[in-house]
Amino acid sequence: MAVSTLRPKVGLLGLTLELYEQTAPRLRPGREAWVRRAVLPALGKVADVEFVGAAFRREDVQAQVERFEAEGCDAVLVMLLTYSPSQIALPVLRRTRLPIVVWNTQELRAIDADFSGARMVENHGVHGTQDLANVLLRSGVRFRYVTSHLDDPDALGELTDFFMAAAATGRLSRARLGILGYPFPGMGDFALDTTHMAATLGCEWTAMPMEEYVQRAAGAPPEAVARLVAEYRATYEVDPAVADADLEATARVELALRGMVGERRLDAFTYQFMAFGEDERTPTVPFVAASRLMGEGVGFGGEGDLIAAAGSALLNWLSPPASFAEMFTVDFEGNAVLLSHMGEANVAMARSDRRIRLAARTRQITRTRCGQLVLATVFEPGPATLFALTLGRGGRWRMIASPVTGEDFGPLASLTEPHCKLSPGGDVREFLTAYAKAGGPHHCALCFGDARRRIGDAAELVGADYREV
């Protein structure tokens, strides 16, 4: 089961000075050669980069940026290969829809006794970046400015995070979300004006009929069902008490849900578990399917929460893999919080030292014909980031990020639901209070490592508030 990884595509706009075409005709070709020899291979480790050569006239800048847009680039990386006056680029950069990052860098690492006028001419882009940054700021153009040298220990770290944020938010603006059933009645923290979502984030959504789910499950090809049941047995630790009929029903609904998600080209989806119990023909709830689809990069939100579905997809694009999550119980003594849910968690984040247990819920969450099987996933311990996408006052989007640590805890034999324990950086009481005061919703997402800078970049790119707790 492959984890989906988003690879950014970046247009490199290298700027030079037209005057040098007459006074130093070898300068531009030399700077272009450095880009191709050193810069492009380094950037190629983190992004696909389009570079056609340096631009020194306004019409050349326009042609290159239009090409980047037409080829589906996620961002424009501006480099001053020599000094270049800002006004040849400003009109084009004002109009482009692509995120802009100005990279203040040069070939030369140090200025020592061997420094010469020739070396200075080859490495004098810094004042051009200042010229450009000034006019972009004065013109109200949002941009990121990064200073680093290729030989720095983390030379491309900040650029990489920006590229990933640009690619992820671009993907979010084209995202297709699906809802099976309806939002959980009375849950207000994910109440949503979908027109507002489309107008601001760009996401579109579609309803998936429960009737189609039931019909697809009933019509699943027997050979496909048998193959999927065999995959369950080979991949997971199937509880001896699980009946063959329940495994078959679980396979049928996974095939049904996969078909609905795939044919609608959904990036994320959500369902309301109570809706499954309203049709007496429903075989079971697709807990296993949701967990496995998350493992393949499809976003998910519980209880009909389209915001959580979009948020988990966004986090997965920013820092894969990522999982839908929910805080359930506070461990005051252990200074931690227990994450769990009815049956959905990203299997790609499971502990690597054991197989995931496949078991039946001890208590059915809604009425179905067969047992409700769950992959009782326990996440790999270590540093992680808790994330929430939510709406704040006045309909403004907000992104909340928290550095946490996954503890070496579980799996517990007494729990058939996914579960793990997280410890915050400080006191759990202060953490939970700060999260609530920041407007943190009860549905969230989790990824490994420290994704705060990428989340902050994503918030800036979509015009959302960013809160760190």
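Modeller: Let us begin with a term: a salt bridge is a side-chain nitrogen of Lys or Arg within 4 Å of a carboxyl oxygen of Asp or Glu. Please keep in mind that this is a predicted model, in which local features need pLDDT of at least 70 and side-chain atom pairs count only at pLDDT 80 or more, while totals for chains, interfaces and linings use all residues. Residues are numbered from 1 along each chain as its sequence is written, and side-chain values use heavy atoms, with hydrogens and water left out.

Colleague: OK, how many salt bridges does the structure hold?

Modeller: The structure holds 39 salt bridges. In one of them, the side chains of Arg 429 and Asp 427 meet at 3.4 Å, taken from N to O.

Colleague: And are Arg 429 and Asp 427 buried or exposed, or something in between?

Modeller: Arg 429 counts as partly exposed at 43% relative accessibility, and Asp 427 is partly exposed as well, with a relative accessible area of 29%. For these words, buried means under 20% relative accessible area, exposed means over 50%, and partly exposed is in between, using a 1.4 Å probe and protein chains only.

Colleague: Where do Glu 254 and Arg 258 sit relative to each other?

Modeller: They are four residues apart in helix α11 (residues 244-263), so about one helical turn separates Glu 254 from Arg 258. Helices (H or I, at least four residues) and strands (E, at least two) are DSSP runs, numbered from the N terminus. Glu 254 counts as buried at 0% relative accessibility, whereas Arg 258 is partly exposed at 25%.

Colleague: Switching to helix α15, which of its residues are buried?

Modeller: In α15 (residues 428-437), Val 428, Phe 431 and Tyr 435 are buried. Seen down the axis of α15, its buried residues fall within an arc of 60 degrees, so they line one face of the helix; the arc is that of the directions from the helix axis to the C-beta atoms. The face turned away from that buried side carries the exposed residues Glu 430, Ala 436 and Lys 437.

Colleague: Now strands. What does β11 pair with?

Modeller: Strand β11 pairs with strand β19 (residues 444-448) in the antiparallel sense over four bridges, where two strands pair if DSSP finds at least two bridges between them. In β11 (residues 322-325), Ala 322 and Phe 324 point one way, Ser 323 and Ala 325 point the other way, and all are buried. The bridge partner of Ala 325 in β19 is Cys 444.

Colleague: A cysteine! How many disulfides are there?

Modeller: A search of the whole structure finds zero disulfides, a disulfide being a pair of cysteine sulfur atoms within 2.5 Å. For Cys 444, the closest cysteine sulfur is in Cys 420, and at 9.7 Å it is too far for a bond. Cys 444 is also buried, with a relative accessible area of 4%.

Colleague: What about strand β1, and why would you call it largely enclosed?

Modeller: Strand β1 (residues 9-15) has six of its seven residues buried, so it is largely enclosed by the rest of the structure. It pairs in the parallel sense with strand β2 (residues 48-50) over three bridges, and with strand β3 (residues 75-80), also in the parallel sense, over six bridges. Gly 11 stands opposite Glu 50 in β2, and the bridge partner of Gly 11 in β3 is Val 76.

Colleague: One more strand: where does Thr 385 lie?

Modeller: Thr 385 lies in strand β16 (residues 382-391), and it is buried, with a relative accessible area of 0%. The C-alpha atoms of Thr 385 and Leu 446 are separated by 5.7 Å, although these residues are 61 residues apart along the chain.
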